Amino acid sequence: MKILKNVLVYFIFPVIIIGMVYAVVQSVMEPVRFNEAKAAREAVGIQRLKDIRDLQVAFKGEYGRFSPTIDSLKDFYNNGKIKLVMQIGSQDDSVAVEHTNAIKKRNPRITSQQMYEMYLKGDRNLVFQIERDTLVRQTMFLNRPDFNVDSLAIVPFSGGDSVYMASAIKTVSGVKVPLFEASMTYKSLLRGLDRQLIINLNAEREDTGRYPGLKVGSIDAPNNNAGNWE
């Protein structure tokens, strides 16, 4: 009996206590790990929605409306063109400004294209702007070597779930306003993390009237294409 008591005191009870401490620590640390993983995944998701927004703004600049699908947005990036204003010369260069003004005085109808041709032929003392059609892929995301247009449609970490996107034209105060929105749910973005914590997060967002995930823009009302993380 004494031996059994000693076994309980020196071996069994310590194991039980260690197990209980471990369980308590895990219960405390699980939400911490969840929030860390959530923040890391949100950063990737936010960047993807920002990329969609940037392309949508460029698309609207060309067509006066937003793209209704990510496929058409991808085609716009791969094959579309945007008007790019090129600045030739500097207004701070007084010699070039004086030379340019003299040319305009002699020929008031001279166009920017004609001045550009003069520039290409060797006249570098010119100051003017010219609008050129430039391929979208040659102007956007050049500082992003990791940018991949084909990934725009997929929610990161989801295993293949699609980003939701829609566009509309609403009449606001008698004016037709193009709108768009793009979103990804936490259910997709946080897939593989603690299921109960995801359920709790979604419930908390819905109870406070917030979208249970990441969202940019709105087709219900103008919001300056803001993201719900901003």
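Two rings of Phe, Tyr or Trp are taken as a pair if their centres lie within 6.5 Å. On this basis, the predicted model holds seven aromatic pairs. One of them joins tyrosine 77 and phenylalanine 147 in an edge-to-face arrangement, with 5.3 Å from centre to centre and 65 degrees between the planes. Tyrosine 77 belongs to helix H2 (residues 70–79), while phenylalanine 147 is found in the loop between strand E2 (128–135) and strand E3 (164–172), so this contact ties together parts that are 70 residues apart in sequence. Tyrosine 77 is buried, at a relative accessible area of 12%, and phenylalanine 147 is likewise buried, at 13%.

Phenylalanine 147 also pairs with phenylalanine 141; here the centres are 4.0 Å apart and the planes meet at 20 degrees, so the two rings are stacked. Phenylalanine 141, too, is buried. Elsewhere, Phe59, Tyr63 and Phe76 come together as one aromatic cluster.

The charged end of arginine 124 is placed over the ring of tyrosine 119, at 4.3 Å from its centre. Lysine 215 lies over the face of tyrosine 211, with 5.8 Å to the ring centre.

Key. Residues numbered from 1 in each chain as written. Predicted model: local features only at pLDDT ≥ 70, side-chain atom pairs only at ≥ 80, totals over all residues. Heavy atoms only, no water. Phe/Tyr/Trp six-rings, centres within 6.5 Å; stacked < 30°, edge-to-face > 60°. Helix = DSSP H or I, 4+ residues; strand = E, 2+ residues; numbered from the N terminus. Buried < 20%, exposed > 50% of the residue type's maximum accessible area, 1.4 Å probe, protein only. Lys NZ or Arg CZ within 6 Å of the ring centre and 35° of its normal.
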